[in-house]
Amino acid sequence: MAYLPVPCLIGQSAIMTKPKKPLIALLAAPESSASVLYGLYDVLQSVGAVYPDMVAGAPGDELLDIKIVSADGKPFHCIGNIPVEPHMSADNQATPDAVVICDMYTSIYDVPKGRYPREIAWLRKMHTDGAVLSSVCSGSLLLAEAGLLDGREATAHWAYRDMFQRHYPKVAFRNESVLCLAAEVDRIVTAGGVSAWHDLAVYLIARFCGYRQAIETAKVFLITGHSEGQSPYSVMTRPMETSDAQISDCQVWIADNYAVTKPAEQMVERSGLNPRTFSRRFRAATGFAPIEYVQALRIEEAKQMLETEAQSVDDVGRSVGYEDPASFR
């Protein structure tokens, strides 16, 4: 009698049992962008199914189980008044294989402290239970609020650099990164600006379905990575200090006078403070040393001039206060 594999001896139903699909939960709120939420949903839901249909005329099986999660599981409208109907709430006890925190837009002046208690408690539990936590853009603020980024490298949109430095100093913020994998070993991955969900989606597909599926899905949606990082897109954010009148006055003044000679010394004189006190208070208010702030202003103005005006690099350098072309370059 020929040898029969064990599955054949325990019934046809065992043969037909399909492996469980990896579950990826998309955490969203009224502050989320529809483009991020539904873009991720469409791309991740298509993995394994759409590419075979496009190239062979026969759809394959969907390889991922995608669920939208909100704090209470009730329907809501996200940015743009777009309706969202979550599949589950943060009270659900099922642990997904991965969580994606969609962008949660907030002003660069508005730290989201105390705004997402149920979501944050759920994220902590999911991470403890073994889920991979990831975020898009401002979604990493929830991870920071949860304390899950302390002592780790992370990214978000470049505009939140100052917020992270001031309010989450234990986080090593990488404003140049589009996809930060430095904490991957700890099951935490963060993505930069809103469109960085493309990079995160490809990463998640490769992680849970394999590199081939990631490549094929990228071909379907014409997704490409941001290999140049965030630096070409970043602009210096300059929130004005309101609690220190002398520093605020200097910020207003230097915004129009960054090309003067010895700008840091002139700000010190304008403030009436001694240099050490001025430097300490200026850094506390802006996150920059005075001369670093001036240099950042000059470079930001130069970037905008190079983007919009037909001047030579040397002429632009001189116009923002750099007499030495080599130093400017």
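In which sense do strand S7 (residues 132-136) and S11 pair, and over how many bridges? S7 and S11 pair in the parallel sense over four bridges.

## Basis of the model

This is a predicted model, in which local features need pLDDT of at least 70 and side-chain atom pairs count only at pLDDT 80 or more, while totals for chains, interfaces and linings use all residues. Residues are numbered from 1 along each chain as its sequence is written, and side-chain values use heavy atoms, with hydrogens and water left out.

## Strand S11

Strands (E, at least two residues) and helices (H or I, at least four) are DSSP runs, numbered from the N terminus. Two strands pair if DSSP finds at least two bridges between them. Thr190 in S11 is the bridge partner of Ser135 and stands opposite Cys180.

S11 (residues 188-191) is covered on both faces, with Ile188 and Thr190 buried on one side and Val189 and Ala191 buried on the other. Buried means under 20% relative accessible area, exposed over 50%, and partly exposed in between (1.4 Å probe, protein chains only).

## Helix H13 and Arg298

Arg298 is in helix H13 (residues 290-308) and counts as buried because its relative accessibility is 8%. Other buried residues of H13 include Tyr293, Leu297 and Met305. The buried residues of this helix pack against helices H10 (245-257), H11 (263-271), H12 (275-286), H14 (313-319) and H15 (325-328).

Not counting residues up to four places away in sequence, Arg298 touches Tyr258, Ala259, Val260, Pro263, Val320, Gly321 and Tyr322 (contact means heavy atoms within 4.5 Å). A polar atom of the Arg298 side chain lies 2.7 Å from the backbone oxygen of Tyr258.

Notes
A polar contact is a pair of N or O atoms within 3.5 Å; within protein, one must be able to donate a hydrogen and the other to accept it, and residues adjacent in sequence count only if both atoms are side-chain atoms.
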